[in-house]
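Here is a short briefing for a first look at a protein model. Keep the structure open and find each part as you read.

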Amino acid sequence: MAAAPTDRQPLLVNSDVISNDDNNNCNSASISTSSDITSSLSGGGDKEMAPVPGSSIHRSGSRPQLDLSGAAIQGNFEEKDPTILLPNQSDDISHLALDIGGSLIKLVYFSRHEDRLINNRRTKSVKEKFGLPTGIRRSYPILGGRLHFVKFETHKINECLDFINSKQLHRGGMDSLGWQSEVESNENAVIKATGGGAYRFADLFKEKLGVTIDKEDEMNCLVAGANFLLKAIRHEAFTHMEGHKEFVQIDQNDLFPYLLVNIGSGVSIIKVDGDGKFQRVSGTNVGGGTYWGLGRLLTKCKSFDELLELSQRGDNSNIDMLVGDIYGGLDYSKIGLSASTIASSFGKTISENKELGDYRPEDISLSLLRMISYNIGQIAYLNALRFGLKRIFFGGFFIRGHAYTMDTISFAVQFWSKGEAKAMFLRHEGFLGALGAFMSYEKHGLDDLMVHQLVERFPMGAPYTGGKIHGPPLGDLNEKISWMEKFVQKGTEITAPVPMAPPGTTGLGGFEVPSSKGDSLRSDASNLNVGVLHLVPTLEVFPLLADPKTYEPNTIDLLDRGELDYWFTVLSAHLPDLVDKAVASEGGTEDAKRRGDAFARAFSAHLARLMEEPAAYGKLGLANLLELREECLREFYFVDAYRSIKQRENEASLAVLPDLLLELDGMDEERRLLMLIEGVLAANIFDWGSRACVDLYHKGTIIEIYRMSRDKMHRPWRVDDFDVFKERMLGSGDKKPHPHKRALLFVDNSGADIVLGMLPLAREFLRRGTEVVLVANSLPALNDVTAMELPEIVAEASKSCDILRRAAVAGGLLVDAMISSQDSSVDNSSSVPLMVVENGCGSPCIDLRQVSSELAAAAKDADLIILEGMGRSLHTNYNAKFKCEALKLAMVKNQRLAEKLIKGNIYDCVCRYEPAS
Amino acid sequence: MDENPTKTNQSAHLALDIGGTLIKMVYLSSDDNCSPDSQVKVSQEESNEISDGLMKCHTGKGTLHFLKFETSKIDDCLEFISSNQLCSHGDLPDKKQPSAHDRKLIKATGGGAFKFADLFMERLGITLDKVDEMDCLVAGANSLLKANNQEAFTYMNGHKEYLQIDHNDMYPYLLVNIGSGVSMIKVEGDEKFERVSGTSVGGGTFWGLGKLLTNCKSFDELLKLSHVGNNRVIDMLVGDIYGGLDYSKIGLSSTTIASSFGKAISENKELEDYKPEDMARSLLRMISNNIGQISYLNALRFGLKRIFFGGFFIRGHEFTMDTISVAVDFWSKGEAKAMFLRHEGFLGALGAYTSYQKEGSGESMSHQLVEQLSNGVQCTGENQRLLPAEIKSQGK
């Protein structure tokens with residue numbers, strides 16, 4: 001460990017010798033700061049790891065993943081049993097709808113999630129400032145909550161009944177106001193249900209659960225479900241050709257008309273012209289039931305999945321008569337039939353003297369699958385043609401995300417339409433009916449739900465269950481951990497998806513089902529996972545996006561195999577370090593270690609699942625993957641793994657800030673601006689998400705690193721629009737440009753990054769009369785500074801800077817701070833405000849389609865956006881265009897990204913300025 | 001082709017359609033010629049294999065014979081040709097190396113015309129003159145429809161009705177040939193047509209799957225079984241799903257099949273627990289209905305009101321025709337009609353036969369055929385079974 005630098009070497013001057021420690025101008029503040037850093041980096045500093053007071057953990061109000069806020073609510077009235085009332089699963093107010101089909105029961109239920117009202121000073125002032133309602137609950141048509149998707153086999157309907165009963169799902173009523181009111185007896189409880197079983201099992205539900213099944217029309221439900229999914233989930237639909245999935249973004253305004261083909265036991269073909277406007281135009285009796293029924297007779301398979309699994313190892317040319325068989329290996333090219341085209345399904349089992357037993361079940365299964373899929377594709381296309389429809393969506397449980405099935409259907413549609421029509425599939429394919437039945441409840445408010453208000457989360461069990469039949473997420477942290485441990489005990493490879501559900505559970509849930517024999521549900525690698533849909537009414541599209549429709553946040557598409565491999569390696573390598581930090585942040589207790597292990601397993605499993613099927617979780621960008629990691633941490637109650645590190649770095653940086661500001665103020669305008677931008681880029685090196693930087697930290701102290709980093713700040717940078725930006729700021733010649741009205745500064749890391757980089761830049765804007773809004777994360781992610789932490793940092797910085805202080809007071813950030821301020825009589829009104837808003841994210845990246853309402857409100861008067869840091873300006877948004885000016889600043893701390901994005905090297909810098917587009 | 005017309009004419013009494021499952025043969029014998037009748041005996045019963053059907057059309061000039069063989073038993077076919085000297089005008093079939101001058105040519109269509117070309121050359125010294133399959137199907141169908149007023153009929157609810165086809169208003173129509181697989185051809189004129197669709201779920205599927213499910217030994221046995229079966233044991237009906245109720249809103253009655261073989265899913269029954277006849281019935285309905293539906297959808301695409309079904313799958317089997325007709329009627333809401341052809345299985349072979357005419361012998365050949373056909377049919381008359389008398393070849 002290097003000795004603590006105690007020098008007061010000017011921070012802005014490039015020094016030749018960084019380790020020049022012979023400077024004696026020590027001041028006590030910097031000494032203590034530095035030693036703190038030293039001790040903490042050497043593993044000490046436990047005193048500083050005292051948890052942040054609980055209240056601050058629960059403060060963000062914009063995203064439903066704030067499981068902990070739920071805990072707080074429940075704690076208010078059920079304090080005695082905190083372990084049961086884990087916020088993550090506040091199923092207290094639930095609504096349930098069922099689709100009881102011939103072979104599977106699909107269940108959709110809603111658990112309301114109450115966003116906590118956070119009316120601390122900052123939020124209050126922000127809300128007042130931007131005219132936002134101060135109460136969340138009553139101001140949106142729908143309440144936040146989660147939609148869960150669960151499946152059961154119909155012949156095991158008792159499992160389903162037990163499940164409903166155990167969750168008391170049937171007692172939740174749409175009209176019940178909340179947890180305060182004890183839910184009344186279930187005498188008149190009604191459950192919406194569709195599918196044939198809604199008739200067949202009505203009596204059973206009455207008898208076992210005492211609920212009345214309210215039957216909803218099947219077609220209505222299918223269409224309502226499909227419409228909801230296609231409108232509300234951004235990349236719900238995808239094409240599947242030759243094993244390659246491609247997600248399709250459907251324009252909500254250009255959705256209709258389309259053809260919906262629901263493949264259940266039989267097949268329904270529906271032309272959909274609008275909400276509630278549709279017609280069943282055709283269908284076929286050759287469907288999923290035919291495949292399973294015939295397959296069962298011919299192969300003795302015990303389940304649909306087994307049959308499907310068999311087909312993957314089959315060779316249909318042993319069963320089917322191919323064109324080549326008839327033409328002696330030649331094509332019948334005149335009519336466009338290649339030798340491998342099937343002329344007659346099962347045509348080869350005719351003429352030979354073979355019995356059923358002489359054929360491989362694998363081959364039979366495949367032949368059957370091809371026959372039926374192809375037939376459905378053909379009939380669907382012919383119907384699409386009839387009505388001039390270009391888009392055909394296939395849903396229903398026959399498909400099951402099975403790659404071969406989708407390929408075959410796609411091929412049929414493409415073949416017959418000569419590429420004119422497209423077969424598309426839905427990630428929630430099996431749940432159309434159940435979702436539709438759910439939609440049929442009055443007052444669910446989901447009709448008005450917009451794409452940007454939905455966030456899909458994949459809980460820890462997701463990688464294990466794939467798209468299989470499963471129960472709900474585990475309710476209890478202990479359950480979660482022991483569930484993960486159970487896998488390890490069983491010697492299950494964590495790097496490969498688990499082929500079997502744990503005994504006695506239905507999979508994901510850990511929901512005990514005594515009657516279940518633990519059917520081995522094999523995982524089909526190509527299956528897609530269905531996550532939990534979080535409904536967040538407060539999320540909005542960032543209003544300054546030039547074209548929200550074409551906006552794609554992710555610069556890196558993880559469906560690209562090379563990228564995925566790379567990030568898999570990076571994140572895996574980073575995992576032990578992250579676990580250490582996380583465990584330390586919780587005091588390093590045995591409990592924390594156990595949770596840390598479980599987290600590591602769970603996240604590794606997510607990664608392994610994605611390696612196996614990159615599209616398993618839908619269209620996944622790097623931003624989503626990084627957010628998944630943060631979510632996974634939160635799932636195991638690691639609230640803020642980097643909190644002590646952040647604190648230390650903040651303190652260290654704040655200690656040298658006054659000197660920096662002094663130096664800056666001694667410079668002329670032009671030089672100062674350059675120094676400020678340089679400072680932002682240099683300070684951006686402090687990034688615990690970067691492996692290279694983490695290595696650096698073990699070699700030096702924060703200030704050393706900062707200096708070294710500054711040394712490298714020679715212009716021109718790899719991407720260098722500084723001169724254009726400077727002209728905009730300072731003008732050229734006599735022309736003095738108008739200052740910006742309001743600048744949104746999207747900040748990145750804690751410590752030097754925010755304190756020595758972004759705050760001085762913010763100060764420069766304030767000085768020029770530009771309002772400044774610091775935009776920070778709602779929830780912790782790595783060492784990123786959060787909106788909750790910023791007021792304190794600003795307050796601390798204000799102690800030594802009058803400009804910041806007055807602005808902070810004007811922005812409502814600072815009242816208490818005036819106590820420590822030497823002079824409270826300074827005229828506040830003359831200053832433009834400095835404000836802090838949360839961005840609605842808990843990720844190191846940002847998807848500007850889903851930001852907090854307060855950020856959206858703050859954006860309305862903004863004419864400059866500054867995105868800082870790799871996560872927000874490179875990994876995401878590098879190509880984003882805005883309606884106002886934008887400056888993207890980052891140091892590239894990753895060789896691969898540097899090469900790919902800017903054709904440069906690690907530690908190269910980006911200063912990209914773009915005028916309003 | 002630049003064959004000597006005389007030469008080609010010499011072989012003009014034989015044409016083949018070699019499909020994936022069956023070989024169809026059409027040949028003409030002059031009445032005083034050595035008749036194959038002398039070498040075959042009638043065998044209606046106990047045929048363990050597909051019978052070689054034969055239909056004769058007697059005319060003043062000779063008899064037009066229709067025969068079929070299993071493709072897998074092509075030796076029987078070769079033997080038959082050889083022993084009846086169908087390919088020669090006096091030359092011995094065992095003549096090893098026919099000179100180019102007296103090369104024997106036989107018109108043949110179907111994939112087997114390619115696949116077995118070498119075999120015919122090697123064994124019989126015959127060159128198969130390949131004729132396009134679709135050309136033949138269409139030519140055969142057109143000839144039949146023109147030749148005979150009682151060729152086409154509808155079949156609904158057990159009621160057969162012959163149709164008068166106006167020769168001047170025949171086109172366009174959809175020709176659906178159900179062989180091992182199914183071809184759907186839009187026919188707009190004598191040689192104006194396009195294969196617009198098809199499906200691999202055809203006769204081969206019925207037989208192939210049926211054989212696996214029931215251990216039937218022949219197509220006809222399977223067909224016969226289906227007569228007495230009850231598909232409701234196997235198929236999931238709308239009523240099974242809706243607890244006996246109709247789903248009337250979308251026009252599905254409780255007896256509509258929701259899912260073919262859908263009941264085989266949920267019960268704890270094995271293959272042996274189901275009756276072969278029930279499975280045969282279910283299978284037949286599934287395939288017939290599917291063909292009917294896809295045919296209708298294609299007819300609709302091109303605005304065709306008439307759909308003619310041919311090919312060996314049908315075999316004049318009433319239940320098959322009924323199912324196809326109902327499917328077309330159901331999906332078209334009565335707008336389109338399924339029609340069947342009495343010479344259903346021989347479209348390709350007949351087409352190949354008629355193709356001789358194009359090469360020199362000219363018009364007369366066509367007229368001759370038409371006459372032969374019409375006379376023949378009239379001659380054999382109404383008392384003939386729909387499926388012509390089956391005569392089993394004595395060949396090996």
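Contact here means heavy atoms within 4.5 Å. This is a predicted model, in which local features need pLDDT of at least 70 and side-chain atom pairs count only at pLDDT 80 or more, while totals for chains, interfaces and linings use all residues. Residues are numbered from 1 along each chain as its sequence is written, chains are lettered from A and ligands numbered from 1 in the order in which they are written, and side-chain values use heavy atoms, with hydrogens and water left out.

**Helix H7 of chain B**
- Helix H7 spans residues 219-228 of chain B. Helices (H or I, at least four residues) and strands (E, at least two) are DSSP runs, numbered from the N terminus.
- Its buried residues are B:Phe219, B:Asp220, B:Leu222, B:Leu223 and B:Ser226. Buried means under 20% relative accessible area, exposed over 50%, and partly exposed in between (1.4 Å probe, protein chains only).
- Seen down the axis of H7(B), these buried residues fall within an arc of 160 degrees, so they line one face of the helix. The arc is that of the directions from the helix axis to the C-beta atoms.
- An α-helix has 3.6 residues a turn, so residues three or four places apart point the same way.
- The face of H7(B) turned away from the buried side carries exposed B:Lys224 and B:Val228.

**Two crossing helices in chain A**
- Helix H8 (residues 218-232) and helix H14 (residues 432-439) of chain A pack at about 90 degrees, with axes 6 Å apart.
- H8(A) and H14(A) are therefore roughly perpendicular, a label for angles of 65 to 115 degrees.
- Residues in this contact include A:Leu222 and A:Phe228 of H8(A), and A:Leu435 and A:Met439 of H14(A).

**A sheet in chain A**
- Seven strands form an open sheet with mixed pairing, in the order S7-S6-S14-S13-S8-S9-S10. Two strands pair if DSSP finds at least two bridges between them.
- Strands S7 (244-248) and S10 (277-284) of chain A each have a single partner strand, so one side of each lacks a neighbour in the sheet.
- Strand S9 (residues 267-274) of chain A pairs with S10(A) in the antiparallel sense over seven bridges.
- A:Ile269 has A:Ser282 in S10(A) as its bridge partner.

**Chain A overall**
- Chain A has 31 helices and 23 strands.
- Of its 917 residues, 64% count as buried.

Definitions and conventions:
Axes are lines fitted to C-alpha atoms, for helices over the stretch in contact, and angles run from 0 to 180 degrees between N-to-C directions. Angles under 35 degrees count as roughly parallel, over 145 as roughly antiparallel, 65 to 115 as roughly perpendicular and the rest as oblique.
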